[in-house]
Amino acid sequence: MTEQPRLEEATNFLYPFIDGTETDAGALLVDLTASALTKAATSASLRRTTLESCGALITTGAAEMGRRFAAGGRLFTFGNGGSSTDASTLAALFAQPPMGHPLPAWSLTADQAVLTALGNDVGFDLIFARQLIARAGPTDIAVAMSTSGTSTDLLLAMREARHRGMYTIGFAGYDGGEFAASPNVDVCFVVRSQSVHRIQESQALLGYRLWAAVQSATDSPAGVWAESRGVR
Amino acid sequence: MSAPVDIGMTQELAADLSAASLSLAQRFSGGATMWCIAPAYTSHAQHIAVEFVHPVIVGKRALPAVALTGADLIGQVRVSARAGDVVVAVAGATDPEVRAVMRRAAAWGVTTIWIGNGERPPAGAADHILWLDSDDPTLAATGEFVLVYHLLWELTHVCFEHPGLLSAPSDCTDEVCITCSDEGRPAEVLTSTQDGTTLVRSARGTESVVTVLAGPLDAGDLVLVHAGMVIAKLGEDQP
């Protein structure tokens, strides 16, 4: 077995009260368990208030998304960091749902060749906008997931999406950031919290509810298929 | 299809999260890398990794965590993980790749955390089983898994504020040491049997062992080793 170097905590000197001789983990585990329960309750409470404040927007957004899917539209999702993975989860839910009918959706972070080519050649701020230029059209849908609502690459992508006639949906936290005021964002879901983690947990549920509402709006798979190919 | 607003957090899950977090902090403190796999939900593996590598809270320590994605996850974990590392999986109890990784964890010397929902894996299938009871097949997309691994990160960083508790407990505290006594140790066969001996990988590293008691063995077989000898071949996975 290879001996691995121990991590040293470089900031320990900041915490002289830390007890390096503590040996009984029982008290800590009790505290951690109580903390987990409190945090989960906070998350659940935020999910509840978020769904209340965003309920009408979910209905509005899902109706337009349903119209666009029926007309052959496709969904492109994107975000940075953890939000990029939540955007990928949402795209996968639309495209490979465990139940209901699949709808065309992709995450724009899926291909590292494309991402690094764009980041290297035209700059990180354009990694999503340039993909929309190449792939997206006026019946398509853009979903940008963010906690700050102010990331430059997302704002530029939403501007490009607007320019191309796409329907644009933004997810943000805090007070909504620049998404909330942007004319390039048709629907802005704001999770009013200061915690990135709690924001993302509520955003995931919002995305899920949006998917469920779109499934209802496009209830007949055959109908969607027929309409998307102009045979009806 | 309306996911519940309430969250499937229970006292039991909170306690399991606490134990997993302390264990994870101890392993990181000992130099571990955390390998993240989620065969059906790649994005969850990547979210866990980015959470630990690039914390959202400025000033928190960046920790080595890596998402493994794509084909042959068993082979990827086998070649990546070193003894003392951690594997965290997000998957249902029947996922064949995750089951195969978990079965090999003791032979590789890695600590395991298994996050999922619905039917639970058997007790002991992983060192820490963080389970949501709902069997909703869409649960993976509702944010509940995200909450579980967010809490895992948050609690792990609380543990770092208790340096006295970060030394992993020794396996040899009892009068009879499991590691050194006459119980068999799990190992994975590295090469097909030749001339009654073979190479195996155990938590101690690579060992040459005698196989005459076990009969023919192939690379990837799981065995029990005692005193330089394979004393039993472990059965196949029973889903």
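Tutor: Setting aside sequence neighbours within four places, A:G173 is in contact (heavy atoms within 4.5 Å) with A:S146, A:T147, A:V190, A:V191, A:S193, A:I199 and A:Q203. The model is predicted: local features need pLDDT of at least 70 and side-chain atom pairs pLDDT 80 or more, while totals for chains, interfaces and linings use all residues. Residues are numbered from 1 along each chain as its sequence is written, chains are lettered from A and ligands numbered from 1 in the order written, and side-chain values use heavy atoms, without hydrogens or water.

A:G173 belongs to strand β4 of chain A, which spans residues 167-173; helices (H or I, at least four residues) and strands (E, at least two) are DSSP runs, numbered from the N terminus. With a relative accessibility of 0%, A:G173 is buried, where buried means under 20% relative accessible area, exposed over 50% and partly exposed in between, for a 1.4 Å probe and protein chains only. Between the C-alpha atoms of A:G173 and A:S195 there are 8.4 Å in space and 22 residues in sequence.

One of the contacts of A:G173 is A:V191, a residue of strand β5 (residues 187-191) of chain A. A:V191 is likewise buried, at 0% relative accessibility. Beyond its neighbours within four places in sequence, A:V191 touches A:L46, A:T50, A:A172, A:G173, A:Y174, A:I199, A:S202, A:Q203 and A:L206. A:I199 and A:Q203 are among the contacts of A:G173, and both are also among those of A:V191. From A:V191 to A:T218, 27 residues along the chain, the C-alpha separation is 27 Å.

A:D219 has a relative accessible area of 60% and is exposed. Its C-alpha atom lies 19 Å from that of A:A92, at a sequence distance of 127 residues.

Chain A as a whole contains eight helices and five strands, arranged from the N terminus as α-β-α-β-α-α-β-α-β-α-β-α-α. Of its 232 residues, 50% are buried. Among contacts in chain A with a separation of 6 or more, 70% join residues 24 or more positions apart. The accessible surface of chain A is about 10,500 Å², and carbon and sulfur atoms account for 56% of that area; the areas come from the Shrake-Rupley method with a 1.4 Å probe, and for residues only the protein chains shown count as cover.

Chain A also packs against chain B. Helix α7 (residues 196-217) of chain A and helix α5 (residues 144-159) of chain B meet at an angle of about 170 degrees, their axes 9 Å apart. The two helices are therefore roughly antiparallel. On α7(A) the contact involves A:H197, A:R198, A:Q200 and A:E201, and on α5(B) it involves B:V146, B:L147, B:H150, B:L151, B:W153 and B:E154. Sorted by class, four of these contact residues are nonpolar, three polar and three charged; Ala, Val, Leu, Ile, Met, Phe, Trp, Tyr, Cys and Pro count as nonpolar, Asp, Glu, Lys and Arg as charged, and the others, Gly among them, as polar.

The largest nonpolar core holds 48 residues, and B:M34, B:F52, B:I113, B:I115 and B:L130 have the most contacts inside it; such a core is a set of buried Ala, Val, Leu, Ile, Met, Phe, Trp, Tyr and Cys residues joined through side-chain atoms within 4.5 Å. Elements giving two or more residues to this core include α1 (26-70) of chain A and, from chain B, β1 (34-37) and α5. The greatest contribution to this core, 10 residues, is that of α5(B). Apart from this core lies another, of 34 residues, including A:M65, A:V187, A:L205 and A:Y208.

Technical notes: Axes fitted to C-alpha atoms, helices over the stretch in contact; angles between N-to-C directions. Parallel < 35°, antiparallel > 145°, perpendicular 65-115°, else oblique.
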